[in-house]
Amino acid sequence: MSARDEILDRVRAALGAVSTSSTTFGHPAGSSPDDVVALFAERVADYQATVVRCPPDELEAALRDALPAGRIVVPDALSVSVPHAVTDDRLTPFELDACAAVVTDCAVGIAETGTIVLDHGPGQGRRAITLVPDVHICIVRADQVVADVPDAMPRLAPAVRQGRPLTWISGPSATSDIELSRVEGVHGPRTLVVLLVG
Amino acid sequence: MTSTFVGMPKFPVAAREALANTQLRSNLAHATATIRDKRARVVAEVDNWEELRLSGAAIKDAALASLDQHLVRLEARLTAAGAEVRWARDADEACTIVAEVAQRHGIDEVVKVKSMVTQEIGLNEALQEQGISAWETDLAELIVQLGDDLPSHILVPAIHRNRAEILEIFQRRMQGLASPEELTDDPAVLAGAAREHLRQKFLTARMAVSGANFAVAETGTLVVVESEGNGRMCLTLPEVLVSVVGIEKVVPTWEDLDVFLRLLPRSSTGERMNPYTSTWTGVTPGDGPQEVVVVLLDNGRTRALADQVGRQALRCIRCSACLNSCPVYERVGGHAYGSVYPGPIGAILNPLLKGVGVDEQVDSLPYASSLCGACFEVCPVRIDIPSVLVDLRAQVVDAHRAKRWGGVPSMQTVAMKGAAATFRSGRRLRLAERFARLGTGIAARVGARAWTGSRDLPRAPRESFRAWWRRTDGGTR
Ligand code: SF4
């Protein structure tokens with residue numbers, strides 16, 4: 001018998017011995033803060049990320065201020081133009097490693113947890129570009145911010161059902177592996193800048 | 001290469017040795033106290049935490065109740081998304097599959113995302129035998145690997161090491177640092193050294209091996225929850241990705257994941273959300289590994305599923321909150337459990353996966369507890385570990401009695417030795433007295449079958465002798 005059939009048989013045999021109660025369950029509500037966008041800004045900043053809030057017409061200036069010196073990579077169809085940036089065209093990991101920063105849009109912001117989610121659609125690029133460069137500047141629009149995780153799931157579902165990957169980002173790369181205290185800056189981008197528009 | 005747990009002494013023996021190691025005890029006490037406080041703070045922020053726990057437990061129970069259907073669906077979705085799905089009955093089969101994937105590409109070096117399941121199956125050692133080196137990339141795993149050490153915690157395998165010890169290990173074993181003399185015991189500096197040490201590996205790796213925290217049956221999506229970005233590196237940069245996934249990792253739908261993404265980070269690192277969570281569904285054209293293999297592993301899980309009381313252990317999301325809250329774990333550390341799954345969950349999961357009456361070491365684990373119930377209190381999926389422990393003790397006694405070579409007395413000796421180790425200090429005795437009252441209550445409720453068959457469980461007095469002595473000033477009041 002194949003391993004597959006044998007494992008499925010064992011599962012069925014194990015379940016046969018147990019009364020399968022049909023449990024019903026709901027999904028508990030998430031939090032509902034008064035000012036979702038303000039909470040998002042506060043929670044992202046809690047993770048030692050930089051948050052800059054600006055009206056739409058000041059985005060380009062805020063972006064200019066946030067950019068480090070050096071080569072900047074951007075994905076296709078980014079919502080703003082970044083002067084002198086290189087558009088990702090299957091850059092190798094080493095080429096990405098030589099970039100000082102990446103600028104992207106995002107899919108959803110989650111206030112309660114201070115999380116940004118990328119669904120790697122237009123303006124967000126493939127996963128490697130937001131991973132290898134040491135600075136990630138992410139543009140989040142106020143209408144993309146939801147209160148809590150349960151509000152984010154349905155917004156992300158279409159991308160997941162299309163087979164796209166997601167990256168959930170809560171602050172810069174960090175570790176708690178040494179005496180369980182959080183230290184920012186390991187393998188992922190060590191600097192996260194969130195430009196919160198609107 | 002990481003050492004293995006093969007040939008570990010029984011829990012009481014190992015525990016006694018660990019108790020004598022004061023450095024270990026102070027490292028552990030510090031680390032677990034830190035994480036307990038962090039967890040308590042972020043859990044208190046959530047108004048409906050209890051509802052979330054109930055929901056988490058119910059979703060996992062529902063997933064397990066039709067596990068066969070979910071697995072078939074998961075397989076179909078993964079296959080449709082371009083992944084190759086393999087099934088492994090046991091550790092050997094799983095390791096062989098991973099090695100074969102490496103060999104068909106002529107790969108002799110893989111990078112690894114921290115995963116409990118690959119430790120469970122001894123993957124690194126098995127790959128080594130085939131001439132394939134496995135590089136652990138999680139910081140704590142790296143500390144364990146470089147120190148030729150054993151993991152002692154689910155989340156932070158090097159929890160038993162303090163910064164000074166880590167510095168010493170890095171100085172001795174970490175190669176390729178530009179300026180090793182600048183290493184200090186500052187955690188930020190040590191983390192920076194790990195970044196430098198692994199950077200080239202990530203940029204050149206051709207194959208990665210991961211586990212998965214969750215597998216969504218409805219969409220064929222795997223989920224890895226992490227902090228450092230080493231997971232993202234492994235899941236994104238190599239050409240080939242093999243993920244070993246225990247069959248109990250299934251959640252039915254994408255929306256179900258919601259509850260676990262709220263429960264897990266708060267319970268495990270004590271954060272509102274962990275820095276990075278990656279989800280992927282088979283192969284994404286033009287993004288990440290273009291060859292994706294998923295190994296669905298049994299290795300005793302169906303045995304646990306058949307255990308009426310114990311099957312709830314398969315709800316475990318490996319957050320490690322039960323370890324951090326356990327008074328026994330805090331004192332003896334993870335190594336004494338002789339398994340990659342230590343602490344309260346290890347004390348039930350190991351016997352459930354391996355069966356009782358086979359290995360004395362495994363049989364001693366259900367006794368590695370004072371039944372205080374702290375693990376159940378903190379468990380995000382409400383696994384009633386004390387009840388499962390009591391039931392397993394009964395099974396151990398039954399198994400030994402069945403063997404007819406004096407098994408019962410020997411198990412009692414084991415239990416008593418464990419007690420001796422726990423009761424060595426006055427503080428521990430005070431704790432133990434408190435726990436005893438809780439413990440017999442639970443045992444009576446669940447019914448310790450074989451044990452009570454031959455004798456009555458004595459009821460712990462409502463007030464312990466020491467409490468009485470204090471209150472009455474030695475019986476004079
Ligand atoms: S048993 Fe519960 S508390 Fe312990 S690791 Fe598993 S999920 Fe966490």
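Two strands are said to pair if DSSP finds at least two bridges between them. In the predicted model examined here, strand S1 (residues 50-54) of chain A meets this criterion with S12(A), because the two are joined by five bridges. S1(A) and S12(A) run parallel, and within this pairing A:Cys54 has A:Val197 as its bridge partner. Strand S12 itself spans residues 191-197 of chain A, and six of its seven residues are buried. S12(A) also pairs with strand S7 (residues 135-141) of chain A, again in the parallel sense, over seven bridges.

Strand S9 (residues 166-169) of chain A and strand S9 (residues 276-280) of chain B run antiparallel and are joined by four bridges. In this arrangement A:Leu166 stands opposite B:Thr279.

The interface between the chains involves 93 residues of chain B in contact with 73 residues of chain A. The size of an interface is often given as the accessible area lost when the parts come together. Between chain B and chain A, the buried area is about 7,300 Å², with 58% given by carbon and sulfur atoms. B:Arg89, B:Arg195 and B:Trp254 supply 10% of the area that chain B buries against chain A, more than any other three residues.

Eleven salt bridges are counted between chain B and chain A; one of them joins the side chains of B:Glu75 and A:Arg4, at 2.8 Å from N to O. Helix H10 (residues 187-204) of chain B contributes twelve residues, the largest share of the side of chain B that touches chain A. By class, that side has 43 nonpolar, 25 polar and 25 charged residues.

Key
Residues numbered from 1 in each chain as written. Chains lettered and ligands numbered in written order. Predicted model: local features only at pLDDT ≥ 70, side-chain atom pairs only at ≥ 80, totals over all residues. Heavy atoms only, no water. Buried < 20%, exposed > 50% of the residue type's maximum accessible area, 1.4 Å probe, protein only. Contact = heavy atoms within 4.5 Å. Buried area = accessible area lost by both parts, 1.4 Å probe. Salt bridge = Lys/Arg side-chain N within 4 Å of Asp/Glu carboxyl O. Nonpolar A, V, L, I, M, F, W, Y, C, P; charged D, E, K, R; others polar.
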